[in-house]
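Please read the following account alongside the sequence and the coordinates.

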Amino acid sequence: MKRKIYTMTSVLMGIFLGFLMICPLSQGAAVMVWSESFDTADEWELRGFDFLSMRAGEDNLAWNPDYSPSVKDGKLQMPNTQEEWHSSQAVHNSTVAYGTWSFDWYVNAGEDHQAYDVVLFIANNYILTEQSGEIPLNMTGYGLVLNSGDKGETKPHSVSLAEWRDETIKWIILDYYQFPSTLEGPYHIDTTRNITGEFSIFFDGKLKLQVRDNSTTTSENFIFNSWLGDSTYDNLNVSDTIEVHPSPNGADYPPLFLVVVPIGVLIILRKKRKR
């Protein structure tokens, strides 16, 4: 009986040591800056535009409230269009440029519900109003381009990290991850950025992208933007600390030392006991 207790204690000590290696005590508690569960949209600006004027050779978007997002059943709902591109925008003040942005994204199933969305989690100088739909040339920031199917301008069924810099380079794709099939249903998405400018993008806790860029270091707004589809958003959390940590090499399983450390501790303790 004593031997079993001794063995169990040794294993638990090893697991505890492994846990400390993953989550050091110096990491500290999360610092939530702001969050949204979409009971209302009181702190958001909901805007709608279409692209007809741009196709006619003009350099601005046409105000169209029919394309504005709405809040329904505790979620931010984007209007579904599949034939004509539009810009459905939900804008919120946000000064977080380093930290963690987490939210739920839901895509309805079917060819007539494909989504092509851009989540601008860091945005500067992006002011479109009913009076002026002109796209700012000095816009800067970063966004996730979410393409659930094959109707967008990025790779089919993919997530891309895009950057807006200035009037010379309005947006570029820094990197992307292509999923094996069409995206449908619910997804939890986490984006982190540490002080060195390294972005990490996770889908349902699994690391998909890592990119380093420090061109833009400030933020004024957070923007949910939809160009196609009737996707929904919920449970947005924005903090100024890193709350999600990638596994070694992007693995979807626990780090190897969670297994090695307990075994090593057990062997050492047994040797000491024999002495």
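Strand 7 and strand 12 pair in the antiparallel sense, with 9 bridges between them. Strands here are DSSP runs of type E with at least two residues, helices are runs of H or I with at least four, and both are numbered from the N terminus; two strands pair if DSSP finds at least two bridges between them. The model is predicted, so local features need pLDDT of at least 70 and side-chain atom pairs count only at pLDDT 80 or more, while totals for chains, interfaces and linings use all residues. Residues are numbered from 1 along each chain as its sequence is written, and side-chain values use heavy atoms, with hydrogens and water left out.

Strand 12 spans residues 185–193 and is mostly covered, with 7 of its 9 residues buried. Buried means under 20% relative accessible area, exposed means over 50%, and partly exposed lies in between, with a 1.4 Å probe and protein chains only.

The nonpolar residues come next. A nonpolar core is a set of buried Ala, Val, Leu, Ile, Met, Phe, Trp, Tyr and Cys residues joined through side-chain atoms within 4.5 Å. In soluble globular proteins, nonpolar side chains tend to be buried together. The largest core has 36 residues, of which Trp105, Leu144 and Phe224 touch the most other members. Strand 7 (residues 99–107) supplies the largest share of this core, 4 residues. A second, separate core has 17 residues, including Val91, Leu120, Met139 and Trp227.

Leucine 144 has contacts (heavy atoms within 4.5 Å) beyond four places in sequence with residues including Phe103, Val118, Val159, Ile189 and Ile201. Valine 118, in strand 8 (residues 116–124), is buried at a relative accessible area of 2%. Beyond its neighbours within four places in sequence, valine 118 is in contact with Leu144, Val145, Trp164, Ile223, Phe224, Asn225 and Trp227. The C-alpha atoms of valine 118 and tryptophan 227 are 7.8 Å apart, although the two residues are 109 apart in sequence.

Tryptophan 227 also takes part in a polar contact. Such a contact is a pair of N or O atoms within 3.5 Å; within protein, one must be able to donate a hydrogen and the other to accept it, and residues adjacent in sequence count only if both atoms are side-chain atoms. The backbone oxygen of tryptophan 227 lies 3.1 Å from a polar side-chain atom of histidine 86. Histidine 86 is in strand 6 (residues 86–93) and is buried, with a relative accessible area of 0%. The side chains of histidine 86 and serine 88 are joined by a polar contact of 3.2 Å.

Side chains of opposite charge can pair when their charged atoms come close. A salt bridge is a side-chain nitrogen of Lys or Arg within 4 Å of a carboxyl oxygen of Asp or Glu, and by this rule the count comes to 4. Aspartate 213 and arginine 165 meet in one, at 3.6 Å from N to O. Aspartate 213 lies in the loop between strand 14 (206–212) and strand 15 (221–228), and arginine 165 in the loop between strand 10 (158–164) and strand 11 (172–178), so the pair ties together parts that are 48 residues apart in sequence. Aspartate 213 is buried at 10% relative accessibility, whereas arginine 165 is partly exposed at 29%. Glu163, Arg165 and Asp213 are linked in a network of salt bridges. Another salt bridge joins glutamate 45 and arginine 47, with the closest N and O atoms 2.5 Å apart.

Confidence is given by pLDDT, the predictor's value for each residue from 0 to 100. The protein chain has a mean pLDDT of 79, and 68% of its residues reach 70 or more. Over residues 11–28 pLDDT stays under 50, and residues 248–269 also stay under 50. Where pLDDT is low, the predicted coordinates should not be read in detail.
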